[in-house]
Amino acid sequence: MVEGRPASLAVRKLQGEEPPPRPALGAGGYTPADLPPPVPAELSASPVASLRLRVPGDMAGGHRLLLENARQVVLVCARGERFLTRDALRSLEVLEGASLVVGTDGFIKAIGPADAIQKQFSEETFEERIDCSGKCILPGLVDAHTHPVWAGERVHEFAMKLAGATYMDIHQAGGGINFTVERTRQASEEELYSSFQQRLGCMMRAGTTLVECKSGYGLSLETELKMLRVIERTRRELDIGISATYCGAHSVPKGKTASEAADDIIKNHLPRLKELGRNGEIHVDNIDVFCEKGVFDLDSTRRILQSGKDIGLQINFHGDELHPMKAAELGVELGAQAISHLEEVSDEGIAAMASARCSAVLLPTTAYMLRLKQPRARKMLDEGVIVALGSDFNPNAYCFSMPMVMHLACVNMRMSMPEALAAATINAAYALGKSHTQGSLEVGKQGDLIIINSPRWEHLIYQFGGHHELIDYVIAKGKVIYKK
């Protein structure tokens, strides 16, 4: 988007390809046949054309939410794109003077000019109406990489790092992940549950409505399952979206080699996860491995990830962070959905990820706090990689705020504001395999959004800190989950 000019209202496609069809969403959702015919080219720039996105049906009995008269509604994309790359990132879809309707099923039913929505829904009832005059509506933010279940803060290690100790210096001295593992093993499930809920609350108040949550501070089957039970319990109780990741290969347990640890995971951990998933006790979406020199080498990483894929888990792992490991090339070989970190990724790895549509989850907080070189976001973007963002919240990178992550991505990784917003919404949702239902404001998608008290959406990134004063509402599935 050019500063001072609203984005075009014309509907746009991904460069060089038709967007994939959106799947049916079940009861209260839609099928592609429900959608109206494409807007004629001569009408595509007309604000009224946007109103034609309304899904028929599900009108009886009222609606959950009406957001009225917003200065801007940032759709991000508008034609069912599962991700954005290259030219599609330069001008996000933004409506001026618009309103939005969420149905009782929690899915978006209409988006369009405020006067047209008002006229069309004048006889309808709503559980809640919010006047958004002078404000902006954006998709809820998606945090594509976090480690939020643990006990044992490492504030003392921050002082060590400031004094010059490296990440691996601390790790090899028994600190880092090992320190938190010991404390997490000692903590009760209730203690972990309580602290996890508090951390999710902090993320939510900063605008996050979908978050990837890893285990990984257990390393033993017993403690890994304890962490995953906490994630599952919270997923069922809260409206915030959770993508659960098994990360039992976060570090090599004391007394084992990487190969022995991989054997334990493959022979004991993963069969148990498969059994619990089949019984409906624990739902896990992704498998993760810390592929790193001195931790899990390429061979052990390959074995674990392939075994996870064999039981139906998406591959979404740590790679090429501290040393060039050719993890990106391995991920592409295995069909990974996403790879995180990539500070040391090779040129060949970048090219392979772009071709394979494997998402790069970049973590500017980690590079900043560990004083690492920044991931080469510009090269990835220029080559067509699907770039996503995450906070990497953990005891080593204590950040709850995706607005601050986006700001760091713009300043330190030289991303533009539209690129950063797409990376924290539609592309982050893609990294979690959820961009068909979340990550943009489109009819048929889940009603996850935030309202900011500013006439320009860019303030969410432009302001460094203070986002709690900027964010008026956070809404998930059409329900207000935070109000300032």
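Visitor: How many aromatic pairs does a search of the whole structure find?
Guide: The model is a predicted one, and the pairs are looked for among the rings of Phe, Tyr and Trp, whose centres must lie within 6.5 Å. A search of the whole structure on that basis gives a count of seven.

Visitor: Is the pair of phenylalanine 121 and phenylalanine 126 stacked, edge-to-face or tilted, and what are the distance and the angle?
Guide: A pair of aromatic rings is described by the distance of the centres and the angle of the planes. Planes under 30 degrees apart count as stacked and those over 60 as edge-to-face, with the rest called tilted. For phenylalanine 121 and phenylalanine 126, which are both buried, the centres are 6.3 Å apart and the planes stand at 50°, so the pair is tilted.

Visitor: What is the angle between the planes of phenylalanine 393 and tyrosine 398?
Guide: These two residues belong to one aromatic cluster together with Trp150 and Phe400. Phenylalanine 393 and tyrosine 398 make an edge-to-face pair, with 5.0 Å from centre to centre and, between the planes, an angle of 70°.

Visitor: Over the ring of which residue does the charged end of arginine 183 sit?
Guide: A charge is said to sit over a ring if, for Arg, the CZ atom is within 6 Å of the ring centre and within 35 degrees of the ring normal. The charged end of arginine 183 is 4.0 Å from the centre of such a ring, which belongs to phenylalanine 179.

Visitor: How far apart in space are leucine 342 and proline 375, C-alpha to C-alpha?
Guide: Leucine 342 lies in the loop between β11 (338-341) and α10 (347-356), and at 0% relative accessibility this leucine counts as buried. Among the residues that leucine 342 touches are Met353, Leu362 and Pro375. Although leucine 342 and proline 375 are 33 residues apart in sequence, their C-alpha to C-alpha distance is 6.0 Å.

Terms used:
Residues are numbered from 1 along each chain as its sequence is written. This is a predicted model: local features need pLDDT of at least 70, side-chain atom pairs count only at pLDDT 80 or more; totals for chains, interfaces and linings use all residues. Side-chain values use heavy atoms; hydrogens and water are left out. Rings of Phe, Tyr and Trp (its six-membered ring) pair if their centres lie within 6.5 Å; planes under 30 degrees apart count as stacked, over 60 as edge-to-face and the rest as tilted. Buried means under 20% relative accessible area, exposed over 50%, partly exposed in between (1.4 Å probe, protein chains only). Helices (H or I, at least four residues) and strands (E, at least two) are DSSP runs, numbered from the N terminus. Contact means heavy atoms within 4.5 Å. Lists of a residue's contacts leave out its neighbours within four places in sequence.
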